[in-house]
Structures are given as structure tokens and as C-alpha cells.
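Dear colleague,

I am passing on a structure for you to look through. Below it you will find my notes on what came out of the analysis, and I would be glad if you read them alongside the model.

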Amino acid sequence: MEIGVVVHGPGIVDSGWAKKIIDMLSGFGNVRCRLGGTMGRTAVIDAGLEDTINISLKLLPSQSLELFNREHADVIFLLNYGKSAETGRVFGYKVFLHYFKQLSNEDYLATNHKSLYELSIPVIQIERPGEPDGSIISWNVTLNEKLAKSKKSTRDMLGLDKKNMVDSLTFNFEELFDGLKAALDLTEIAPEDVVSQYLSNNQEREDEQSIENLLESYEDYETSHYTYRKIHGISEGENIFINGIVVGRCEADSIVLIARNGILVDILNATMKYHGVEKLGSVDLERVIVKTGLLRKSGDVNPRVISKDDVSISDTERVLYSEEISEDDNSFKVAYVDHAAYDIFKFKDFDLVVTVGDDTPLISCTVSISQS
């Protein structure tokens, strides 16, 4: 069995659950792991897992899923440790949504969500393992139908002995799913429950109508192009990051980003940081990376100090030296990073990186590699 694992964010790595689950899955077949997202890279390095989890490419989680799909994995796992059950499950839905769009190029925002889950390769999300609200979600109808047809008595017996779970299971998706559910003490969540609870069509339509009414009240609505994006599952007081730049502070459990002709002009339920908006420049709200809160929460991490040669980064991402730069022992290579903190890994081969901006140095220190 070919098993693909997409690891997202530092939380699942710092907690130790990424390694535990990867080790568990290794009993079922050949496991290959990729990082999805930016912030987890340093966590992988600090945990000494760079030989287990591929961090050489800077990929979004949906892109990592799609790559495993093209490589014909038998099953793909998405490992995440959201700050709450709501944020984690909504995150999984959004990732699968973009993954589906990449594969199908169809109208993935249709009101009938069932078609979103009709893919041949099972995608299973493991969310917040070790927490009371930890959950497991199969984002595919194919596997869900098999699970529904399994007799309850049979499913209850599968994998109940956690110590011997791997030995007791065969290469069967139903047994794999139920075994992991039992071994990790996870609650099974159906995709449609995520949609109905957090993204119900009625609530979404009400929200969209309210936002549309607001936009129509703007004097230049007829002559300007407005776009918006709603962000769920946040907490009051958290910073709002867009592409690594702080653009505001949350005042409620959801916010709405509003852009006019590609420029962020308002954030509903938040206080805007206008200097950050100026640094952000023109954006496509559908494609930007939006984060809220702390970038890395764990306080038990022991940062590793390693050589720049110990970490592999794809040449497509690295900033390669110009032929005019000397490679002799006396040369000293310096990079200047101006409001582009998430690109810090590109400069791993440089001797010194100078960061500019009030947020950029903080983020750079959070995600950067310490070089010996």
C-alpha cells in the first residue's frame, strides 16, 4: 500500500503526534510524507524529522495532496493540529475544496457539496490528536459508503486493542480508518456535518447577502471591483497575517476581508493596521495565505542549531548565487529581505540575512534555520 501523508503546521509536529502517526502508518505500507504550508518547516527541523518529512518544496497543503494524487497513492492522510476543533475542521474542508478544484476544474462552490467528496483516492484528515475533541474525517464518499455498510458490531471490534492495532489490521480501508480512530481515541466526523455545522448554505447565503448589501452601499461600488473573503474560527485579540504581514487585529470569532481593485480596504470585525496594508500591496484574496494568532505556540521546543548543508531546499525555491559572486572562503554573502518573511528559507545558503519591517524580523526568526 502506498500511503501519502501531508503534515500541516508546527503544532502537529511539536506535539509529537506527527511522528507517532507516521510510525503507526508505516505498519501498513510504504509511507511518504510532505509538508504542506510554510510554518511547519522549522518545527520539522527542530524535531529532526527532515529525513522523514520532505520539506524541500514550498507547497500549500492542497498542492501536496494533489501531488500525491498524481503519484497514485492508495490513501492520503492530512495531519493537522488546529487551535480549536472548529478551525481544524474548517481548515480541512478548505484544503479539500482547493484540492478538488485543482483536480476537476469544475464549479466547486456549487450548493450541492456531495460532488466534492467523489474522488477515487481516500483523503483522511486526523485533527487535534491527543485532545478531547480530536477527530478523524474521511473527505470521500467512496470510503464513507464502505464505512456506512460495515456492520456496527464488526466496526466496534476493530482495533480496540491499541497496543496490537497494527498487527490486527489488514490492508482494508474500513479497518484502517476504524483502527486509527480507536487507537488515537478520535471522534468520527462526516464531511457533511462540517459543512452543515460551520458552513451551512443558509448561513452562508445570509452572510453573503449582508456583505453584498454593505458593498453596494459604497459610493464607488458600480465603478470598482470588490472582492471579499470570510475567515472562520478565530479568537478576539489575535493578529491577522496576510502573506506574513500583520494587517489587523481580530475583534470577533470571524472576520471578512474586503478588497477594492486588489487592494485591502476593510476588515469587518477587526481593527486594521494601515501600515501593514500598505506593505501588502495588491493581492488576490482567493489565493493569499491568511493566518491568525501565534505562528508557533509550543513552549517546549528546543531549537536545533544546524549547518545550512543539513537541509535540502529545491533549486526552484532557493536564491542561487550570481556568477559574479565569489565562492572563495573569503566571500561573505548577505541577503536583504524586505517584507517577505515567509521566503526566508530561500536564503539558507547565505551567511547573513537582514530583515526589514516591524513584523518581518519576528516572522523570520520564527521560521528561519539557525546556521552553524
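In this predicted model, the protein chain has an average pLDDT of 78, and 70% of the residues score at least 70; pLDDT is the predictor's confidence in each residue, from 0 to 100. Two stretches call for caution. Over residues 106-118 the pLDDT is below 50, and this stretch has 30 contacts in the model beyond near neighbours in sequence, a contact being heavy atoms within 4.5 Å. Over residues 153-171 the pLDDT is likewise below 50, with 37 contacts beyond near neighbours in sequence.

As to conventions, residues are numbered from 1 along each chain as its sequence is written, and side-chain values use heavy atoms, with hydrogens and water left out. Local features need a pLDDT of at least 70 and side-chain atom pairs count only at 80 or more, whereas totals for chains, interfaces and linings use all residues.

I begin with the strands. Helices (H or I, at least four residues) and strands (E, at least two) are DSSP runs, numbered from the N terminus, and two strands pair if DSSP finds at least two bridges between them. Strand β6 (residues 135-138) sends Ser135 and Ile137 one way and Ile136 and Ser138 the other way, and all are buried, that is, under 20% relative accessible area, where exposed means over 50% and partly exposed lies in between (1.4 Å probe, protein chains only). β6 pairs with strand β5 (residues 123-127) in the antiparallel sense over 4 bridges, and it is joined to strand β7 (residues 187-189) by 3 bridges, those two running parallel. Ser135 takes part in both pairings, as the bridge partner of Glu127 and opposite Thr187 in β7.

Elsewhere, an open sheet of 3 strands has the order β8-β11-β12, with antiparallel pairing. Its edge strands are β8 (226-231) and β12 (263-268), each of which pairs on one side only, and the twist averages 20° from one strand to the next, with axes being lines fitted to C-alpha atoms (for helices over the stretch in contact) and angles running from 0 to 180 degrees between N-to-C directions. Between β8 and strand β11 (residues 255-260) there are 6 bridges in the antiparallel sense, and Lys230 has Val256 in β11 as its bridge partner.

Helix α2 (residues 17-25) has Trp17, Ala18, Ile21, Ile22, Met24 and Leu25 buried. Seen down the axis of α2, these buried residues fall within an arc of 160°, so they line one face of the helix; the arc is that of the directions from the helix axis to the C-beta atoms.

Finally, the structure holds 5 aromatic pairs, where rings of Phe, Tyr and Trp (its six-membered ring) pair if their centres lie within 6.5 Å, and planes under 30 degrees apart count as stacked, over 60 as edge-to-face and the rest as tilted. Tyr93 and Trp139 form a tilted pair, 6.3 Å centre to centre with 50° between the planes. This pair links distant parts of the chain, with Tyr93 in helix α5 (residues 85-104) and Trp139 in the loop between β6 and α6 (141-149), 46 residues apart. Tyr93 is buried at a relative accessible area of 5%, and Trp139 is buried at 1%. The rings of Tyr221 and Tyr226 have their centres 6.4 Å apart and their planes at 20°, so that pair is stacked; Tyr221 is partly exposed at 24%, whereas Tyr226 is buried at 11%. Ring pairs also link Tyr93, Phe96, Tyr99 and Trp139 into a cluster.
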